[in-house]
Amino acid sequence: MTAALQPEFARALIDPKTLMSIRNLELRARTVVEGFWAGLHRSPYHGFSVEFTEYRPYTPGDDPRYLDWRVLARSDRYFLKRFEDETNLRCHLLADQSRSMIYGSLAHTKAQYAATLAATLGYFLHLQGDAVGLLTFDAQVRDYLPPRHRLSHLRQLMIALEKPAGGRDTDLVAPLQRAVEIVRKRGLVVLLSDFLAPLERWETSLTQLAAGGHEIVVFQILDPAEVAFEFREPTMFEDAESGRSLMIDPGTARADYQRRLGEHCAAIRNTCQGLGISYSRLLTNQPLELALFDFLRARSQRGRSTRRFAPRHAAPTLRA
């Protein structure tokens, strides 16, 4: 993270345990988005927050009719609202709801964390005026909602994300192949999964999707216990998807497990980097504002128009 996150922004971060205590998914998403922008505006590094808005500073000679008075009241600074003359973005969220996502060593599971992140991105893009769609999957595609920009559609998306994970297997190929078939116009595709599945055919499918000219963002979501593997006593471990049980002595297996997990994650990261795709690995104890920060930073680094990243309607409704 850059210096822009320290210290004011860091103090505004919401602990995931506290966030997940909010039962309503849409409210959780709104809390993250509003907290994110409030934290940036309280930061002394105003240049970062302004960089992702649709406003530019007022200069003498500008037409005062275009001043945003609500921004002035909130920040005591003069900004002119830019004209919106570009086509809205179409985003597809691809969310893993397979059984491996139900694991959680904390008060919440990977599935709950991933659903909250997907809801946050969907809410954020909706406020921006963009069309957001959703495709959930396990061993096959479960639900599909085409991208639309309606409040009723956003609520349907939240309902689909709240469905419990439960599919036996994870198939990373099926959702990507489906996305290749249905996403005809260039847009944004966000893939959220723990990626604890074979990768043999995944790279080919991801390459096909990238060949369509889409902007692709990948979030790998893991539980801290899966990474550290700090279990002490010999324990019976059960594969959540296959149901296979195996007695393991963690002290003996830890080094080999962490090596193999590291190689698996490196393969995912290298595939994404080779295709020019943004990749972030998140642990479920990390504040979701950091994921939103990574999302915006990745998009800006692609040379996209950064002015689109501010919610078109979010700024006037932020609460103190």
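1. Cover over helix α11. The elements that cover the buried residues of α11 include α9 (202-211), β7 (215-222), α10 (224-228), β9 (245-248) and β10 (278-283). The residues of α11 that count as buried are Pro250, Arg254, Leu261, His264, Cys265, Ala266, Ile268, Thr271 and Cys272. Buried here means under 20% relative accessible area, exposed means over 50%, and partly exposed lies in between, with a 1.4 Å probe and protein chains only. Helices (H or I, at least four residues) and strands (E, at least two) are DSSP runs numbered from the N terminus.

2. Basis of the model. This is a predicted model, in which local features need pLDDT of at least 70 and side-chain atom pairs count only at pLDDT 80 or more, while totals for chains, interfaces and linings use all residues. Residues are numbered from 1 along each chain as its sequence is written, and side-chain values use heavy atoms, with hydrogens and water left out.

3. Confidence. The chain has a mean pLDDT of 82, and 79% of its residues reach 70 or more; pLDDT is the predictor's confidence in each residue, from 0 to 100. Over residues 44-53 the pLDDT stays under 50, and the model has 26 contacts for this stretch beyond four places in sequence. Residues 83-87 also have pLDDT below 50, with nine contacts in the model beyond near neighbours in sequence. A contact means heavy atoms within 4.5 Å.

4. Overall make-up. The chain contains 13 helices and 10 strands. Of its 320 residues, 50% are buried. Taking contacts between residues at least 6 apart in sequence, 77% join residues at least 24 apart.

5. Geometry of α11. Helix α11 covers residues 250-274, which is 25 residues, and spans 34 Å from its first C-alpha to its last, close to the 36 Å expected at 1.5 Å a residue. The expected span is 1.5 Å times one less than the number of residues. The helix has a kink of about 25 degrees centred on Asp256, where the bend is the angle between axes fitted to the seven residues ending at a residue and the seven starting there. After α11 comes Gly276, with a positive phi near 70 degrees.

6. Leu275. This residue sits in the loop between α11 and β10. Leu275 counts as partly exposed because its relative accessibility is 29%. Setting aside residues up to four places away in sequence, Leu275 touches Leu206 and Thr207. Leu275 and Ala210 are 65 residues apart in sequence, with 7.2 Å between their C-alpha atoms.

7. Nonpolar cores. In the largest nonpolar core, which has 48 residues, Leu117, Leu161, Val190, Phe219 and Phe295 touch the most other members. Helix α6 (residues 110-127) contributes the most to this core, 12 residues. Another core of 24 residues lies apart from it, and Leu94, Leu209, Ile268 and Cys272 are among its members. A nonpolar core is a set of buried Ala, Val, Leu, Ile, Met, Phe, Trp, Tyr and Cys residues joined through side-chain atoms within 4.5 Å. Leu117 touches Leu192, Phe219, Ile221, Leu282, Leu288 and Ala291, residues up to four places away in sequence not being counted.

8. Lys110 and Glu226. The structure holds nine salt bridges, a salt bridge being a side-chain nitrogen of Lys or Arg within 4 Å of a carboxyl oxygen of Asp or Glu. One of them joins the side chains of Lys110 and Glu226, at 2.7 Å from N to O. Because Lys110 lies in helix α6 and Glu226 in helix α10, the pair ties together parts that are 116 residues apart in sequence. Lys110 and Glu226 are both buried.

9. Asp138 and Arg142. Asp138 is in the loop between β4 (131-137) and β5 (141-148). At 8% relative accessibility Asp138 counts as buried, whereas Arg142, at 33%, counts as partly exposed. The two form a salt bridge, with 3.2 Å between the closest N and O atoms. Apart from neighbours within four places in sequence, Asp138 is in contact with Gln97, Ser98, Gly167, Asp169, Thr170 and Asp171.

10. Arg259 and Glu263. Glu263 forms a salt bridge with Arg259, in which the closest N and O atoms are 3.1 Å apart. Both residues lie in helix α11, four residues apart, about one turn of the helix. Glu263 counts as partly exposed at 46% relative accessibility, as does Arg259 at 43%.
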